[in-house]
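Subject: Structure for your review

Dear colleague,

Please find below the structure that I am handing over to you, together with its sequence. A summary of the findings follows it.

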Amino acid sequence: MNRGDTMRALLVLCLLVGLLLGCTASKEKPNDQAQPGREPITAPSDQPPATAPSDQPNDAVPAQPDDGQTQYENDRFQGVTVKTTNEHTYEVKGKARVFEGVVHYVVEDGHNELAAGVTQASAGAPEWGEFHFTLSVKKENPNTSLTLILFEESAKDGSRVMELPIPLP
């Protein structure tokens, strides 16, 4: 066997080993594998939510504090409450751990963005800062449901990250 044949045999052997390792690593279900930047979504349990931020970054976690008002939270937002003050006006309060304390929000009806804005928390990440704002929005169609989405804007590309969807009452 000459040197060229030896190198070819070694190359084929390396490719086969890589192929076999790749095949065994891909036998897990694709839905069970975590995607980069996202943690796997798990089904809700009957257990009361923990007081620490959720390990599900994009899912709202409702909690029922002693005052009976529902609170929502994820890794960036904590203790968020929404109270109806008038027919089309809502008061939103909570804590945020976002870059420079900038809290972005939109209100959607499932098809359209009906309102959008920015508010400032009292502190920026890594601290928790309190925020409070009033929002006025009217449904375009009476048969739709409104959802407030709090989020942090990506410094990389301006996209929404760490969204916290909250159904408006």
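A nonpolar core, as the term is used here, is a set of buried Ala, Val, Leu, Ile, Met, Phe, Trp, Tyr and Cys residues joined through side-chain atoms within 4.5 Å. Please bear in mind throughout that the model is predicted.

By this definition, the largest nonpolar core holds 23 residues, and those with the most contacts inside it are F77, F131, L148 and L150. At least two residues of this core come from each of the following: strand 1 (77-86), strand 2 (89-96), strand 3 (102-108), strand 5 (129-136), strand 6 (147-153) and strand 7 (160-167).

Setting aside neighbours within four places in sequence, L150 is in contact with F77, V80, V103, H104, Y105, F131, F133, M162, E163, L164 and I166.

As to the chain overall, it contains one helix and seven strands, and their order along the sequence is α-β-β-β-β-β-β-β. Of the 169 residues in the chain, 29% are buried. Where contacts join residues at least 6 apart in sequence, 46% of them join residues at least 24 apart. The accessible surface of the chain is about 11400 Å², and carbon and sulfur atoms account for 53% of that surface.

I turn next to the aromatic rings. A pair of aromatic rings is described by the distance of the centres and the angle of the planes. The count here comes to three aromatic pairs. In one of them, the ring centres of Y105 and F133 are 4.3 Å apart and the planes lie at 15 degrees; planes under 30 degrees apart count as stacked, and this pair is therefore stacked. The pair links distant parts of the chain, with Y105 in strand 3 and F133 in strand 5, 28 residues apart. F133 also forms a stacked aromatic pair with F131, at 6.2 Å centre to centre and with 25 degrees between the planes. Ring pairs link F77, Y105, F131 and F133 into a cluster.

Y105 counts as buried because its relative accessibility is 11%. F133, at 7% relative accessibility, is likewise buried, and F131 is buried with a relative accessible area of 4%.

Yours sincerely

Note on methods:
Residues numbered from 1 in each chain as written. Predicted model: local features only at pLDDT ≥ 70, side-chain atom pairs only at ≥ 80, totals over all residues. Heavy atoms only, no water. Buried < 20%, exposed > 50% of the residue type's maximum accessible area, 1.4 Å probe, protein only. Helix = DSSP H or I, 4+ residues; strand = E, 2+ residues; numbered from the N terminus. Contact = heavy atoms within 4.5 Å. Phe/Tyr/Trp six-rings, centres within 6.5 Å; stacked < 30°, edge-to-face > 60°. Areas by Shrake-Rupley, 256 points an atom, 1.4 Å probe, with all protein chains shown as cover.
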